[in-house]
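Welcome, and please open your viewer. We will go from one selection to the next, with a word on what to find at each stop.

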Amino acid sequence: MHSPFQFQLPLPPEDVHGRDELLAALTEQVTDRRITALLGPRRFGKTSVLRRLADDLTEISTVWLDVYGVQSLADIATRLDEALVRAPAAFRTEANHVAARVQVTLGVVRAEFARPRRSQPDPSARLGQLLEVFLDAAARRPALLVIDEFSDIGRVRGAAETLRTAFQHRASDFGLVVAGSHVSAMRQMFAGREQPFYGQAELLEIGPLDAVTVAAIVADGFAATGRDPGNVASRVHHVALGHPQRTMLLADAAWTHAADGPADEQWGSALAEVRARLDGSMRTVHDTLTVSERRVLRLLAHDEPLFGTVSDQLGLTSGAAQSAVKQLVDHGHVTTGTPRTVTDPLLADWFRLTLPL
Ligand SMILES: Nc1ncnc2c1ncn2[C@@H]1O[C@H](COP(=O)(O)OP(=O)(O)OP(=O)(O)O)[C@@H](O)[C@H]1O
Ligand SMILES: [Mg+2]
């Protein structure tokens, strides 16, 4: 039997729970043609909720541009070409008409950039043409452009400017939602005065799942597969603290172990198995951190202040703590809000078990 708790890939639209308010806000933003940036830590369900949005907006064609890891304008042009080819049929037909007029062939951009250098197109010009294709088609067919992992655009020289220039006078023609997990980098892209998208977008945050949603997810998943969840939902929530992927990972382990006996009795072994499975990746995270960053995470995991007796004992000066917190926030290990917390509850759990205070 398959587990009802998917914890690796973005969820199918019908499995997105607990995001009604966010979906309503996103729908309003898109309908009003206001540029929206969806911010949230890794694995908080940004892609899932946007897929659900696309599915809900039946009158609008969604073009889904994932720019994860792009390194050049050629990469972005290639991804946009592929996104246009994957668009719903009605939009794609429109896009093909426009493309023919500006003498671009959709679906071949990757091959064009694989040619010997002399016969490659100019990346900036090709990207500009593909943006034109999208914009002209969007002027004829209601469209939503989703740019997932948007902060990676910021690392490609000239990319944000190219997009801004293309969208500048056309923003009211289509919906635009961008999403990203490098929260500080994303904020910087829209709030930094020197940035091309300065002041352009409304920022929406995706938060943890609430206890009621977690209870419903666990109850539904167990019921659908004929297993009794007992009191497992609150145990999951106590550890995962609403972190969506961690919730599903723990629910999956509880469900798997419930095959061997009552879910509540099996919870201890389910949690132990998850901890054992993650130990290697937690060590890898730990090993990539500076000593000050490790000390800060240890203190936060134990709910201790970053300044005072305990931090003195660890040899953490206030200057070192401040710059470590900044780094940890930038890398998504620590949340941006106050009070600061460790983003991943299972990383905090690992610190508490491995490095007690
Ligand atoms: N609404 C939800 N209800 C239950 N679980 C969810 C929900 N949203 C996300 N998840 C869980 O989180 C996992 C990651 O979701 P998703 O890939 O959408 O997040 P993301 O924020 O786009 O992550 P990344 O930063 O890695 O791109 C899913 O596989 C699922 O287990
Ligand atoms: Mg994602």
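Predicted model: local features only at pLDDT ≥ 70, side-chain atom pairs only at ≥ 80, totals over all residues.

Begin by selecting Pro339, which sits in the loop between helix H15 (318–330) and helix H16 (345–354); helices (H or I, at least four residues) and strands (E, at least two) are DSSP runs, numbered from the N terminus.

Residues are numbered from 1 along each chain as its sequence is written, chains are lettered from A and ligands numbered from 1 in the order in which they are written, and side-chain values use heavy atoms, with hydrogens and water left out.

Next, select Arg43, in the loop between strand E1 (36–39) and H2. Arg43 is not a glycine, yet its phi is positive, near 65°.

Now show ligand 1 and the 23 residues that surround it (a heavy atom within 4 Å). The closest are Gln6, Leu9, Lys46, Thr47 and Ser48. How does this shell divide by residue type? It has 10 nonpolar, 8 polar and 5 charged residues; here Ala, Val, Leu, Ile, Met, Phe, Trp, Tyr, Cys and Pro count as nonpolar, Asp, Glu, Lys and Arg as charged, and the others, Gly among them, as polar.

Color by domain, using bounds from an automatic or database assignment: domain 1 (19–205) and domain 2 (209–288) each give at least three residues to the shell around ligand 1.

Finally, select the backbone of His17, where a polar atom is 2.9 Å from a nitrogen atom of ligand 1. At Gly45, a backbone N or O atom lies 2.9 Å from an oxygen atom of ligand 1. Both are polar contacts (N or O pairs within 3.5 Å). Helix H2 (46–56) and helix H11 (244–257) are the elements giving two or more residues to the shell around ligand 1.

Notes: Polar contact = N/O pair within 3.5 Å; in protein donor to acceptor, adjacent residues only side chain to side chain.
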